[in-house]
Amino acid sequence: MATRNKTSASTAASTLSDLSAERQLALLEQMQLIRAFDEKVDKLYAKGAMHGTAHFCVGQEACAVGTLCHRHDGDVITGTHRGHGHAIAFGLDPYRMAAELLGKATGYCGGKGGSMHIADVQAGMLGANGIVGGSMGIACGAAFAFKQRAQDHVAVCFFGDGAVQEGIFNETLNLASVWQLPVLFVCENNHYAMSLSAEKATAGGSIANRAASYGMPAEAVDGMDLEAVYTAGARLMNGCRGAGPALIETITYRYLGHSKSDANRYRTREEIAEWRANDPIERYIRTLTERGLLDDERSQALVEAAADQVEQAFGRAERDPEPELSSALEDVYA
Ligand SMILES: Cc1ncc(C[n+]2csc(CCOP(=O)(O)OP(=O)(O)O)c2C)c(N)n1
């Protein structure tokens with residue numbers, strides 16, 4: 001890990017077990033809510049009840065939850081096309097997300113944005129993004145503003161392994177480091193950019209090492225292990241505050257296809273099964289059970305509560321009005 005000459009970069013790591021029982025359980029609930037949300041959306045697409053496309057983060061829940069639980073008021077995030085988990089972990093309302101996906105006027109973008117454009121700028125969710133790597137420039141802009149205003153906030157920027165091969169990755173890491181911008185880059189290395197394997201596409205092998213070469217603290221962690229992401233998140237996000245950038249490479253996996261039209265021909269069933277056997281939610285349930293904070297009954301109740309919350313969100317959103325035709329040209333930028 002590269003280090004920076006700032007004391008805040010060496011903030012002592014805290015672990016999940018330092019949190020109250022209630023808080024530890026809340027992180028499980030959040031991961032279950034993300035999964036329930038994406039599974040519901042997947043079903044709605046399969047039924048033809050939803051249009052356009054969507055990208056699911058089933059399997060990747062620990063990455064967003066483990067980092068964003070360190071956020072403070074005033075911090076902002078930028079997401080990706082696979083962004084439902086980022087939005088929920090940031091605290092957006094699943095009902096307004098459901099409304100957005102269903103094209104309803106009550107959605108975060110008035111029903112005109114859909115899955116890849118969910119944003120709540122007032123709250124600090126600066127947007128999911130259909131442009132691979134697009135989240136990086138926006139996060140750096142926000143971090144530049146924090147620095148100019150001498151604010152102690154962090155911009156958390158999610159992106160995939162595919163974005164690492166784009167020019168913007170190198171430009172933004174360089175500038176963030178040269179200008180010491182408070183950005184936490186969170187790479188969700190789920191091993192594929194559509195069908196292209198990260199292993200074949202990443203010169204030098206390690207994304208964390210690439211970031212370290214720009215002079216910022218950078219670590220690769222097991223993204224299927226909430227505990228590991230949490231610990232790295234505590235250290236690196238605190239290190240960003242009032243200081244410069246850092247990067248976490250979360251090694252993770254998407255269980256479902258790239259988007260709705262993916263036949264999964266570039267990977268085997270066995271490979272998917274192997275990753276599913278290391279599921280971040282199941283793994284965290286085992287940890288909480290070993291700590292005496294959870295039993296089978298409570299665990300089942302939490303799964304049902306998450307599914308119920310999602311059902312209610314979509315049920316309510318379905319009854320909401322569509323945007324007025326007269327609003328078609330509102331909020332359009334050219
Ligand atoms: C600039 C740009 N190039 C190409 C695309 C087409 N595209 C959409 S998603 C994707 C793969 C992205 O992979 P990765 O960054 O690893 O994210 P993941 O889908 O794995 O979460 C590509 C190439 C795009 N949307 N934007």
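**Exercise 1. Determine how helices α5 and α6 cross and which residues form their contact.**

*Solution.* In this predicted model, α5 and α6 form a left-handed crossing.

Step 1. Locate the helices: α5 covers residues 134-148 and α6 covers residues 167-178. Their axes come within 9 Å, with a crossing angle of roughly 15°.

Step 2. Classify the angle. Values under 35 degrees count as roughly parallel, and α5 is therefore roughly parallel to α6.

Step 3. Identify the contact. From α5, Met136, Gly137 and Cys140 take part; they meet Ile168, Phe169, Thr172 and Ala176 of α6.

Step 4. Sort these residues by class. The contact of α5 with α6 comprises five nonpolar and two polar residues, with no charged ones.

**Exercise 2. Describe the packing of helix α4 against helix α12.**

*Solution.* Step 1. Helix α4 spans residues 94-101 and helix α12 spans residues 296-318. The two axes come within 8 Å and cross at roughly 50°.

Step 1. At this angle, α4 and α12 are therefore oblique to each other. The handedness of their crossing is right-handed.

Step 2. On the α4 side, the contact involves Pro94, Tyr95, Ala98, Ala99 and Leu101. Their partners in α12 are Gln309, Ala313, Phe314, Arg316 and Ala317.

Step 3. By class, eight residues of the contact between α4 and α12 are nonpolar, one is polar and one is charged.

**Exercise 3. Which residues of α2 and α9 make the contact, and how do these helices cross?**

*Solution.* Step 1. The axes of α2 (residues 61-68) and α9 (residues 226-240) come within 8 Å, crossing at roughly 40°.

Step 1. The crossing of α2 with α9 is right-handed.

Step 2. Helix α2 contributes Ala62, Cys63, Val65, Gly66 and Thr67, while α9 contributes Leu226, Val229, Tyr230 and Met237.

Step 3. Seven nonpolar and two polar residues make up the contact of α2 with α9, and no charged residue belongs to it.

**Exercise 4. Which residues come nearest to the ligand, and which backbone atoms lie 2.7 Å from one of its oxygen atoms?**

*Solution.* Step 1. There are 15 residues around the ligand; those that come nearest are His81, Arg82, Gly130, Gly162 and Tyr192.

Step 1. Consider ligand oxygen. A polar backbone atom of Gly162 is 2.7 Å from an oxygen atom of the ligand. For Tyr192, a backbone N or O atom lies 2.7 Å from an oxygen atom of the ligand.

Terms used: Residues are numbered from 1 along each chain as its sequence is written. This is a predicted model: local features need pLDDT of at least 70, side-chain atom pairs count only at pLDDT 80 or more; totals for chains, interfaces and linings use all residues. Side-chain values use heavy atoms; hydrogens and water are left out. Axes are lines fitted to C-alpha atoms, for helices over the stretch in contact, and angles run from 0 to 180 degrees between N-to-C directions. Helices (H or I, at least four residues) and strands (E, at least two) are DSSP runs, numbered from the N terminus. Angles under 35 degrees count as roughly parallel, over 145 as roughly antiparallel, 65 to 115 as roughly perpendicular and the rest as oblique. A crossing is left-handed if the near helix is turned anticlockwise from the far one by less than a right angle, and right-handed if clockwise. Contact means heavy atoms within 4.5 Å. Ala, Val, Leu, Ile, Met, Phe, Trp, Tyr, Cys and Pro count as nonpolar, Asp, Glu, Lys and Arg as charged, and the others, Gly among them, as polar. A residue is near a molecule or strand if one of its heavy atoms lies within 4 Å of it. A polar contact is a pair of N or O atoms within 3.5 Å; within protein, one must be able to donate a hydrogen and the other to accept it, and residues adjacent in sequence count only if both atoms are side-chain atoms.
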